[in-house]
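Please read the following account alongside the sequence and the coordinates.

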Amino acid sequence: MVHQQEPGAAPDDPSGASGAPAGAPSEGRDGRRSLVGRHTGFVAALREAGLPVSVAEGLDAVRAMQMIDLVDRDALRAAYAATVVKRPAHRATFDTLFDLWFPAALGDGAAYTGGSADGAAARSRDPAARRVPPPLDPEVQARRRELFDLLLSGDDPGLRQFARAAVAEYGRTPGQESWFSSGVLRAMSPETLMAGLLEAVLTGRERGGMAERVARRDFRARIARFQDLVATEVRRRIAEDTGVERTARMAVRPPLERLDFNRAARADLAALRREVHPLARRLATRLQQRQRAGNRGRLDFRRTVRASLASGGVPLSTHHRPRRPHKPELVILCDASDSVSAFAHFTLLLTFALREQFSKVRAFAFIDATDEITRFFAPGVDVVDAMTRMASEADLVWITGRSNYGHAIKVFEDRYADAVTSRTSLLVLGDARSNYGELSLPVLRRLADRARHAYWLNPEPRSQWDTGDSAASRYGEIVPMYECRNLTQLAEFIEELA
Amino acid sequence: MTAAGTGHGSTVPADSAEFASPADVDRRLAEVGYLADEAIATTVYLAQALGKPLLVEGPAGVGKTELAKAVATVQGAELIRLQCYEGLDEARALYEFNYKKQLLAIQAASGDRAWQQTHDDIFSEEFLLERPLLAAIRRTGPTVLLIDEADKADVEVEGMLLEVLSDFQVTIPELGTVAAVRRPFVLITSNAARELSEALKRRCLYLHLDYPDPERERDIVLARVPGIEAALAEQLVRTVGTLRDLEIKKAPSIAESVDWARTLLALGLDELDEAAVARTLGVVLKHVSDQERAVKELGLKG
């Protein structure tokens, strides 16, 4: 067998082996020991990847494993997921690591139980024989036809098997030491099958309509699934060569809530967007609750007396008039320049989400000029539309197109000074990099003094503040500045408001 | 209804109401029309086998509450539901004394009775108003306790839940500790509007319920809407999937897929083409902006 090295970090087993029957054959004991080792290694890797797995949860997982059929890999996955993953955002990381620690196959695809690993290895071909470029290689073409049928029928087990075989065949080119998914995907180029797939299901029907869109989405999902399977299989092969733990460290991306806004890819932004809404709701309730806590409203004499009739005239419970709910007003001033584009994208999302939560929100974006963008974010409007319209219609650029905080703040005061009143919370979002321009500190101080609260969220790591053209601490003296580069920090900021 | 037994032994008789394996969960839930997948079946089984509360999170309308109802039905258990909301407190969730009745009892008591005796009388079982959590703990029959939308409640409620769910007992100062005679199957749902505390999550098993994959959803539609053609159900489910992928405010839930299928059936439509979708879009999308977006993205001639 290829695969006997144990994860090195596994501490000597804490409990499991002692549970083995005294007379158990030594290999059974070893099996159990290795299972415990595998478990502790897996949990350690989850922790290293940023999942907060407590000791109790690890023990729960062990207990759960005694309840299920360990040969059923999906049940094992479900058992681990139920006990150690408590946030949807962590699920992707968990799946990647699970596939590494509990691989679906060994070597070239022999299952746990059956035969020698080399039996199926017949496929690995002599590198010298493959000199023909893939599109001309008849074997590659035959493979692609096979893939086409699998994608068309949506046969998931078949696809999994195919991915395994394809990696064995094309995952390693001559001279390469390691495994790569790029070789497989280049040879199979699944995206180019799309046209044919659509052709096959839309026979005769009108193109460009709804049917095509629906079908296209399906196939796109299946192709993505195939790419996923290939990537998983490649990771598994690498892990067999170089050890599970090293591979895990390379394969895992930070979980969503620690993901840097500025490095987020497009897909991440969609996920972030879903996370932002609950946070906005929380921010809104925080700002409201500050008011609500404290004394109840005035005594409602009439209702109290009426209620006392039920208890013989003794006013057991007093009724109060509801307090007029405090409607917090929020003014958001956000940097929409390129240097913070990903962050700006995120802040606009936050703006949008806040807009739906607060009774009165006015949002302003600036680059080197400032414009009100509230109108683009009316409640009920589509967020993607709003962003595109804002980009094309709002008057944000004055001369340079590089952020100029000084001018932006001045324009803000000139044109929208009335937006900030003693009831306003002012929220500034930006990296405080003014391209060595002026800062308009007195103007900002006037605004901050007038507002009820003022906060500044800065997407740059604190260590980079005040380097180069950053005026972080000079602005920070006027408006309390918080580092906010991921959802965790945003949530912390919101908690701190309470 | 509720039996009065407080603080008996804690042995729970195993009987046929309990699930024997994940496959058993799967089969029995399917009998009452809840189609589970492997993850759901395994997690429900584990929650039962480990005696832990099950926290189910996910978007609205994927069948979280339904799951609790289905489990209650197949186990022949009584479903006790605690609906959470902002401002929910101990008196509403756990127990309360019936003040009015107590007051009447005091007024009715003859003057020569000692105060201490009156006091003991009015803080007795008779004056206790049971709320869902206490009711679930005191029941001797099989019970499913559904704590619905826990994210809507205030953080303080979670503290109370922690105490109840980790030991399955409640301390009432005047009466003493009430321990569960028989552990209820606890299911907590959340729409993740607020992150629940780590402490609560640690004590629960966790299931993230998402929209089902197309095959499972098709089966659900077929099971719920008798008389619909399989091909139409398939087409419908795939269209709903496409709608869910659009960036819209309220993605269609399973219930809405089912409603849609019923609508198509009622209108006698046997194919879901652009015209049919345009006519019936209001069944699945409940916001004007969502509908506009769908019309644009799907190329409907609205």
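A:Arg362 is partly exposed, with a relative accessible area of 22%, where buried means under 20% relative accessible area, exposed over 50% and partly exposed in between, computed with a 1.4 Å probe on protein chains only. The model is predicted, so that local features need pLDDT of at least 70 and side-chain atom pairs count only at pLDDT 80 or more, while totals for chains, interfaces and linings use all residues. Side-chain values use heavy atoms, with hydrogens and water left out, residues are numbered from 1 along each chain as its sequence is written, and chains are lettered from A and ligands numbered from 1 in the order in which they are written.

The partner of A:Arg362 is A:Glu372, with which A:Arg362 forms a salt bridge whose closest N and O atoms are 2.8 Å apart; the term requires a side-chain nitrogen of Lys or Arg within 4 Å of a carboxyl oxygen of Asp or Glu. This pair links distant parts of the chain, since A:Glu372 belongs to strand E3 (residues 370–372) of chain A and A:Arg362 to strand E2 (residues 360–366) of chain A, ten residues apart; helices (H or I, at least four residues) and strands (E, at least two) are DSSP runs numbered from the N terminus. A:Glu372 is buried, at a relative accessible area of 15%. Side chains of opposite charge can pair when their charged atoms come close.

Over all chains, the structure holds 46 salt bridges. One of them, in chain B, joins B:Arg218 and B:Glu234 at 3.0 Å, N to O, and connects helix H10 (residues 214–224) of chain B with helix H11 (residues 230–245) of chain B, the two residues being 16 residues apart. B:Arg218 is partly exposed at 22% relative accessible area, and B:Glu234 is partly exposed at 26%. Both residues also take part in a network of salt bridges that includes A:Arg217, A:Asp218 and B:Glu215.

Turning to the nonpolar residues, the largest nonpolar core has 58 residues, of which A:Tyr80, A:Phe94 and A:Leu97 touch the most other members; such a core is a set of buried Ala, Val, Leu, Ile, Met, Phe, Trp, Tyr and Cys residues joined through side-chain atoms within 4.5 Å. Leaving aside neighbours within four places in sequence, A:Tyr80 is in contact with residues including A:His39, A:Met65, A:Phe94 and A:Phe102, contact meaning heavy atoms within 4.5 Å. Apart from this core lies another, of 40 residues, among them A:Leu279 and A:Phe346.

How many residues of chain A are in contact with chain B? There are 45, and they meet 45 residues of chain B. The area buried between the two chains is about 3700 Å², of which carbon and sulfur atoms give 54%; buried area here is the accessible area (1.4 Å probe) that two parts lose on being put together, summed over both. In chain A, A:Lys86, A:Met210 and A:Arg217 lose the most area to chain B, together 18% of what that side buries.

The rule finds four salt bridges across the interface of chain A and chain B, and the side chains of B:Lys52 and A:Asp60 meet in a salt bridge at 2.9 Å, N to O. Among the elements that give two or more residues to the side of chain A that touches chain B are helix H2 (55–67) and helix H9 (210–242) of chain A.
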